[in-house]
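This briefing is intended to be read beside the sequence and the 3D view. Please keep both open while working through the points.

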Amino acid sequence: MKRFIVTGGYGFIGSNLIRLLIKKKFKVLNIDNMSYSAQKYNLIGINKKNYFFKKVDINNKKEILKIFRSFKPDGIFNLAADTHVDRSIDSSYNFIKNNILGVYNLLEALKIQKKKIKLIHISTDEVYGDIIKKNERSNEKYQYKPSSPYSASKASADHLVKSYVRTYKIPAVISNCCNNYGPYQFPEKLIPKIISNILNNKPLPIYGKGINSREWIYVEDHCNALFKIYQKGKIGESYNVGSGKNLKNIDLIKKILKICKKNNISIGNKVKI
């Protein structure tokens, strides 16, 4: 039976990935430092037979090494990261600490393992910056142009991972995914925030005219892609994960409002676009 470590497993994508791995009958160890975005209810009802949890910060190299020796994982999915753009603009320290130094500590721990442990480092398509041309999508050869402390920290981690693959022969693969949505998403993110504001008759947070376009993927589709990358991903390569479904923020909000009306969900007078 294969053994996997998921870092940041109480987060949105991490908890969905753990559910997938447990469903596939693997042993899974969840490593999470339980920051503000970690929610224990994300894994309520999970089969505990093959699931384990350890409260550890990935910056704690000593504890990470102990875990590697005792759990003996076949693979690691690194989802431990600070991910909110606005928070990174307000204060970038935790993004540098967790998204760069945390990855460095994981790589240093992996470097000295006798058993080769495959690392799937989960990054973001935001490392490519803004796509200017209409309907253009980034590909794996696209130039990195991060535009926020968050995306810059993820870009830095990507470069670190690739350097350790080349220099130390660490078996690692990078995934760069578009925007996720689905169950257990933290409420400060766009879709759950919009839904929450509609239900509570609060103004909708639309930046500018809402013309920014994003590509969206359902979180379970992303998790299935991550497992395929573990199985078939070529060491040292990056894989963009997406759906090909782009929506302007304003159009996405209109779709959510339409669904609410269709399901007879009351829309208050403060909910305007």
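The model is predicted, so local features need pLDDT of at least 70 and side-chain atom pairs count only at pLDDT 80 or more, while totals for chains, interfaces and linings use all residues. Residues are numbered from 1 along each chain as its sequence is written, and side-chain values use heavy atoms, with hydrogens and water left out.

**Salt bridges**

- Six salt bridges are found in a search of the whole structure; the term denotes a side-chain nitrogen of Lys or Arg within 4 Å of a carboxyl oxygen of Asp or Glu.
- One of them joins the side chains of Asp57 and Lys97, at 3.3 Å from N to O. This pair links distant parts of the chain, 40 residues apart: Asp57 lies in the loop between strand E3 (51-55) and helix H2 (61-71), and Lys97 lies in helix H4 (residues 93-111).
- Helices (H or I, at least four residues) and strands (E, at least two) are DSSP runs, numbered from the N terminus.
- Asp57 counts as partly exposed because its relative accessibility is 22%, and Lys97 counts as partly exposed because its value is 23%. Buried means under 20% relative accessible area, exposed means over 50%, and partly exposed is in between (1.4 Å probe, protein chains only).
- Glu63 and Lys66 form a salt bridge in which the closest N and O atoms are 3.5 Å apart. Because these two residues are three residues apart in helix H2, about one helical turn separates Glu63 and Lys66.
- Glu63 is partly exposed at 23% relative accessible area, and Lys66 is partly exposed at 39%.
- In the salt bridge between Lys111 and Glu108, the closest N and O atoms are 3.1 Å apart. Lys111 and Glu108 are three residues apart in helix H4, so they are separated by about one helical turn.
- Glu108 is buried, with a relative accessible area of 12%, whereas Lys111 is partly exposed at 31%.
- A network of salt bridges links Lys61, Glu108 and Lys111.

**Helix H7**

- Helix H7 (residues 219-232) has 14 residues and should span 20 Å at 1.5 Å a residue, which agrees with the 20 Å between its end C-alpha atoms. The expected span is 1.5 Å times one less than the number of residues.
- The buried residues of H7 are Val219, His222, Cys223, Ala225, Leu226, Phe227, Ile229 and Tyr230.

**Cavity and pocket**

- On a 1 Å grid over the protein atoms alone, a cavity is a set of points where a 1.4 Å probe fits but cannot get out; a pocket is an open set with protein on both sides within 12 Å along at least five of seven lines, and lining residues have an atom within 4 Å of a point.
- Grid points are joined across faces, edges and corners, and a volume is the space filled by probe spheres set on the points.
- One cavity of 30 Å³ or more is counted, and the largest cavity holds about 40 Å³ of space.
- The largest cavity is lined by Leu190, Pro205, Ile206, Tyr207, Gly210, Asn249 and Ile253.
- The second largest pocket has a volume of about 360 Å³. Among its 15 lining residues, Tyr181, Ile191, Leu252, Ile256 and Ile259 are the closest to its centre.
- Helix H6 (190-199), strand E8 (213-218) and helix H8 (249-262) are the elements that give two or more residues to this lining. H8 gives the most, with five residues.
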